[in-house]
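Q: Could you take me through one part of this model in detail? I would like a close look at a single chain and the surfaces through which it meets its surroundings.

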Amino acid sequence: MQTNNTFSFQRLLMLFKQKLIINKRRYPLGLSAFSGGLFILFVISQSTKDFSNWSNTDYLSSFISVFISLGIAYSTTSFPAFRSKEKSLFYLMLPATNGEKFVFEILSRIVAFIVLMPLLFWIIANLEGALVHSFYPKLTNYQFSYREGLLAIVKDGNFEFWPTNLTIQGILFGFIALFTGASYFSKAPLLKTLLTFTIVIMGYLLFVYLLTKGINLDGLRPVGKDQIFFSDVQSVYRTLSIGMLIINMAFLAIAWFSLKEKEA
Amino acid sequence: MEFKNTKGIFLQIADSISEKVMEGKYPPGEKIPSVRDLAAEMGVNPNTVMRTYSELQARGIIDNKRGVGYYASTDAVEIILKWKRKEFFETELPLIVKQTRILGITLDEIKPYFESTNNSI
Amino acid sequence: MIQIKDLNFAYPRQQALFNSLSVNLEAGSITGLLGKNGAGKTSLLKLLTGLLHPVSGELSVMDHQPRKRDVSMLNDVFMVPEEFYFPSITIRDYLKAYTPFYPRFDFELFDRILIEFELESNRNLQRLSHGQKKKFLIAFALSSKCRFLVLDEPTNGLDIPSKALFRKILAGSLDEDQLVIISTHQVKDVENLIDKIIILDNGEVIFHQTILEISLKVAFVSGTSADASGAIYSEPVPGGYRMMIPNGHEESEVDIELLFNAITNGHKI
């Protein structure tokens, strides 16, 4: 019998099936907790506004904060097997390729969240809105739509490619960085990842500070519009989002190698 | 200088099969357990049981019918008897004789034990 | 089946554990891996299963480099470690979740072993005792029909009747193309079960012989005095001495404990 040692979709499916069997109690529980929590959050936020003056933008701002914070929290639960030596052993010896395990982890931790969470949010927001409206008819803007919400905050409804891209890359960075942290650190990945970033950023700032002091750039200021690197704001966005994309890819590569080289 | 020696497991298994043949549990011409089954029954390495079977086969106590299994040979009882008698006179009896000399036991003292019909000694 | 050549291994920031270790193992054997505490038994098993990566040297398990963790190797290797973790699901669900990865899994054999070990498939794995979990894992390992089975201290935590049961089940469920390595300190538990002994000491394989070879060369006897008889090695026991002597005429039962002490004290046979 020939065994595929690179990538098999059938085994990827087996990994999903395995996850569902193992978590067949935990998943419904988690989803109900999430839905219930969101429902309560909406009711409380609306009550602070006396069930009036509620708008799509309010839904959207709670969406953004819940999406980012929950997404980060969920990303840190990636590679759950790496939290202990015993689990790691069984995980690493499970007959699936590193590629399949890696793709499965990205799909189940990042992609699944990005796809399912907004959908669930939308359903609960609308259900909650309709329900509360039937009690408090003064809650008028209870129908939630992402499009309406976004149009209200983006000037002229004009989505420019690079700023949008930068925003998406930035949010993804949050998820991917913690995904990578979870693949690399065995204990307390969230804390350790954040700590690592703090150290790196502080170190970088210190380096820049010492550099400017060292070569005495104090007197120098960019001259007007003829800057060296960026001719306009658009190119700043472009450069930053391409840079962010590269960083994201690099982090995924680190996660891949830490899975591949993991020992137990 | 006295040695006490536990027989190798491969010989212990040979003894136990021979005993079962003598007792009629494995009648001549009848099938005996497969290597795997006996290994499982006794918790012994199958290679050891295999070695025992080869030895018993070489002695003519069991036969191997290819693809079917092992059988107690038709003259198994006679072969075992001959083998065991030889073993008794060569290894067990000398030890007993030696012991009786040390303890000063005479043949006359032992005789009644052989003549008694009561086997419960 | 397994070739190890000039294997060097050290944990990070630690002294070398293996220095140019070499050994070959063939299928159709239950091999006992013995060694003192810290001799590196578990580390060697982890190197063979791709859980640790060698510093240098050649390592081949069924024509695979273990560190690559190829699926065609992983689905033919099963390890029963000393410490393990199971999700909170029933035995039945665990089978549903894990057996698809083992193409040769024998469900009938699994059911038989489960009955012998007195485990029910509707039991939640996390609510089993340590010994019961171990029995489940042994049942899974044997039923996986993987050609290479690694058992690290398999009888640790098993109750008295289960140890005999373990020997019977293992002896009765192996095929000739399988290799089992049992690492253990409980030599009494695997006596008569193993047909080959490997002794690991000071980062090297200092002994590698079959039980048959051993029993043809030496005999293990008890006696009242140790000075006579040209014993290769002797140890005082209540009522006399246990001795390893050159084999005269009849094979004796191999006393693994005595053999181990003799070999690790520098005696050769």
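A: Happy to! Please keep in mind that this is a predicted model.

Let us begin with how chain C is built. Chain C is divided into two parts, domain 1 covering residues 2-202 and domain 2 covering residues 209-269. Taken over C-alpha atoms, the centres of domain 1 of chain C and domain 2 of chain C are 30 Å apart. The two domains do touch: 10 residues of domain 1 of chain C are in contact with 8 residues of domain 2 of chain C. On the domain 1 side of this contact, the largest share comes from strand 8 of chain C (residues 196-201), with 4 residues. By class, that side of domain 1 of chain C has 5 nonpolar and 5 charged residues, and no polar ones.

Chain B is the next partner to look at. In this pair, 24 residues of chain C are in contact with 21 residues of chain B. Seen from chain B, the elements that supply two or more residues to the side touching chain C are strand 1 (3-5), helix 1 (9-23), helix 2 (35-42) and helix 3 (46-58) of chain B. Helix 2 of chain B provides the largest share of that side, 4 residues. The side of chain B that touches chain C divides into 9 nonpolar, 7 polar and 5 charged residues.

While we are at chain B, its hairpin is worth a visit. Strand 2 (residues 62-65) of chain B pairs with strand 3 (residues 69-72) of chain B in the antiparallel sense, over 4 bridges. Ile62(B) has Ala72(B), in strand 3 of chain B, as its bridge partner. There are 3 residues between the strands of this hairpin, and Gly67(B) takes a positive phi near 75° there.

Technical notes: Residues are numbered from 1 along each chain as its sequence is written. Chains are lettered from A and ligands numbered from 1 in the order in which they are written. This is a predicted model: local features need pLDDT of at least 70, side-chain atom pairs count only at pLDDT 80 or more; totals for chains, interfaces and linings use all residues. Two strands pair if DSSP finds at least two bridges between them. Two residues are in contact if their C-beta atoms, placed from the backbone, lie within 7 Å. Ala, Val, Leu, Ile, Met, Phe, Trp, Tyr, Cys and Pro count as nonpolar, Asp, Glu, Lys and Arg as charged, and the others, Gly among them, as polar. Domain bounds come from an automatic or database domain assignment.
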